[in-house]
Structures are given as structure tokens and as C-alpha cells.
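Work through the two exercises below with the sequence and the model at hand. Each task is followed by a solution in steps.

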Amino acid sequence: MKPLSKLQAAALQWRLNRCCAEVPEIQLILLATVDGFQLVVAGSRREDAELPEKFAAIASSMTALGEAAGKELGSSQRLEAVALDLIDLLVILRMVDGGDQQFVLAAAADKKIGLEALLKIVHDNAFCLEEALR
Amino acid sequence: MVQEYKLLFAGGMGVGKTTAISAVSEIPPVSTDVANSDREAFDKELTTVTLDYGRITLPSGDRLRLYGIPGQKRFSFMWAMLEHGAMGMVLLADASRPEPFEELDVFLKAFHKLLRTGRAVLGVGRLPKKRGVLDKYVMKLARRKIKIPVFSVDVRRKEDVLMLLDALFTQIEVVEDDYRGGGASEEVAQSADGASVAADGKPSEGSVPSADQVSPIAGGKSSGEAVQSANETAV
């Protein structure tokens, strides 16, 4: 994988920090490689030991499983996003097209934010990250 | 009634779990391979991040469901999920790695409950052409009180993978016979212990497809050869 340039890393970090500052319900948001390496992380839970690392691996696994499930069900469309609706938490995993590489943007938020609102936030951020990654 | 049995393929990144499942599965395997960005750790283009899944239907109609675990340690949270309910395991190792035994140790620790029941086989690939290397693996297992057959394999060859499955079922039959016999040996005690762990794989009369059932799909490799190999290579 091509490593991120310092400028790219700074731009991505700024974007995710701003997202968390504007939306306090977001507990953790990160950009990871499709094979589960965390690249950029923000949110109130970012300091939890090992949590971002595990979240990146889980996000990668879940998106791969979503992609495989789609194929098995006969979908010819590429996977765009996976939503996990937990009791008190919403998790959105969204593919981010970085040109010649794919990434996963994963956000975990308090459920009171609502699925639609979180999806919109993740989509908006994904577009910005895509610009920064190309 | 058609029975389904769950088998695991475990081992480090790049040992050939996906290849092994692809070699024997009767359906196009479900694969969750993605681009590998950890090229320093292992230089291969794709890597499994969730699981591989394949299937074999036995002549009796029973089905073997084959699950390959993701080999990287950061996906170890998947290992316990996939191990749940597994009847047995094919553990794969690559002798050409710089530290092959250290890598193997990770899986011996992670799956020690299943391995100590004896419901497993070890296949070692890319063995150097010198004598006694396989014995080191046998000794390694023995030090951890794991008594399973060890084979030299090339997982690209369908007959090698079928030989491993054949040996695994022979091994499971032996363990179940010991368990039913209620002997007082250490091996039986381990089996009993393991049976309580692998709840879905609980031994019962006729619950395991016999080695003979696997043999007809073994591409001409007889179960006799596999068992003989096991006896030759194991402790």
C-alpha cells in the first residue's frame, strides 16, 4: 500500500476531528485499510487502549463479509456501506474510494443520533476523504 | 437425516488455507480476500480478513462445511467465533518461514482446547529437503501435550488436502472410540475435556463420518496410506 503523505494524513485528521467536534454523539470514527489497519482516528474513545486497532480490524472484517454476502445473494453492485444497528449504538462502515486503493470509513455513535443522520455524516465525510486520498 | 459437520482450516498468513479450501470445495468458495497492505509481513497480493467457506458433500449425503480463519493476529477475534461448534481442525504451517515454530505457537495457544482433544491434523508445507524436519513439529506438539498426526503437504494438490481430511476423520474416530471406551489414559481425559468444550461436536453414536466415507472422494489416495503416514510421522 502507498503510505499516506504528511499532507494527506493531516487533512484526513483535521476532517475527522472536525466531524467529532460538530457531532458529539460520535464515539469513534476512523479510516482504515480494507485489510484492517487503522490510518486516522478521532472521537472521544480514541484514547481507549487497543480499541481503535480492534475497531479497524472489525470494520474490515464486516465490510468484507458484507461484500461476500452481496455476491452470494446475486448482487452485481459494489458494496457501498454496512449499517450495524445495536441496542445503544449505531455503526456505519462505508467504503472509501481512494483511486487505486480502497479504504473503510467506520463510525460508531450513540443511537440517539439516528440512522439517517449518521449515514449522512459518514457519506459527507467519505466524499471529503476521497478527495484528500486521490 | 443429512448431517452437517464444521471443520476449520487454521494457520498463519500465507500458509495456504484459502488454497486448500479452494482445492477441495465442490462450490466456488466464499472468500473475503482483500488487498493486502501488510506486504512487509508477507508479500502476497490478497489476504483473508473474515473467513473462507467451502463445502464437500460426502457419498452418504452428509456435508462438510469448511471454514478458513483469517491468519493475521489482529483478526483473532474471529478465531473464537469460527471455532465454536467445530468438530475438528486442519492446522497448516509453512516450514519456509524465518520463524516457523513461533508462528505455529500462536495457533497452538489459540486453539489449544480443540487441539488437545486430538480432533486435528497438522499439515506442513514447503519442507526443506532434509531429514528430521517433520519430527521437530511432532516434538513441538508433544511438548504441548498435543497428539495429532503430522504430514508434509502441498495444499495446491487436491489429493494432499483430501489426505489431511481423511486423516482428520480417522483421528476423530479414534478419539471418539477412546471417549466411548471411557479409558483412564491421559489422551482419553483430554478428549473428554475437549468434548465439553466443543459443545456442537459432542461425541455420539454415529455422529462422525467415517474415514471410509471420505476416502471415495480422496482422488485415489487410500485412507490406508493416510493412516500409515500418520503412524509414521506422529509420535
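A polar contact is a pair of N or O atoms within 3.5 Å; within protein, one must be able to donate a hydrogen and the other to accept it, and residues adjacent in sequence count only if both atoms are side-chain atoms. This is a predicted model, where local features need pLDDT of at least 70 and side-chain atom pairs count only at pLDDT 80 or more, while totals for chains, interfaces and linings use all residues. Residues are numbered from 1 along each chain as its sequence is written, and side-chain values use heavy atoms, with hydrogens and water left out.

**Exercise 1.** Describe the interface of chain B and chain A.

Step 1. Under the polar contact rule, 4 residue pairs are found across the interface, both residues at pLDDT 80 or more.

Step 2. By the salt bridge rule (a side-chain nitrogen of Lys or Arg within 4 Å of a carboxyl oxygen of Asp or Glu), the interface has 1 salt bridge. Asp35(A) and Arg74(B) form a salt bridge through their side chains, at 3.6 Å from N to O.

Step 3. Counting contact as heavy atoms within 4.5 Å, 16 residues of chain B touch 14 residues of chain A.

**Exercise 2.** Give the strand order of the open sheet in chain A.

Step 1. Strands are DSSP runs of at least two residues (E), numbered from the N terminus, and two strands pair if DSSP finds at least two bridges between them.

Step 2. The 5 strands are ordered E2-E1-E5-E4-E3, with antiparallel pairing. At the edges are E2 (38-42) and E3 (81-85) of chain A, each pairing on one side only.

Step 3. E1 (residues 26-33) and E5 (residues 102-110) of chain A are joined by 7 bridges; Ile26(A) has Ala109(A) as its bridge partner in E5(A).

How values were computed: Chains lettered and ligands numbered in written order. Helix = DSSP H or I, 4+ residues; strand = E, 2+ residues; numbered from the N terminus.
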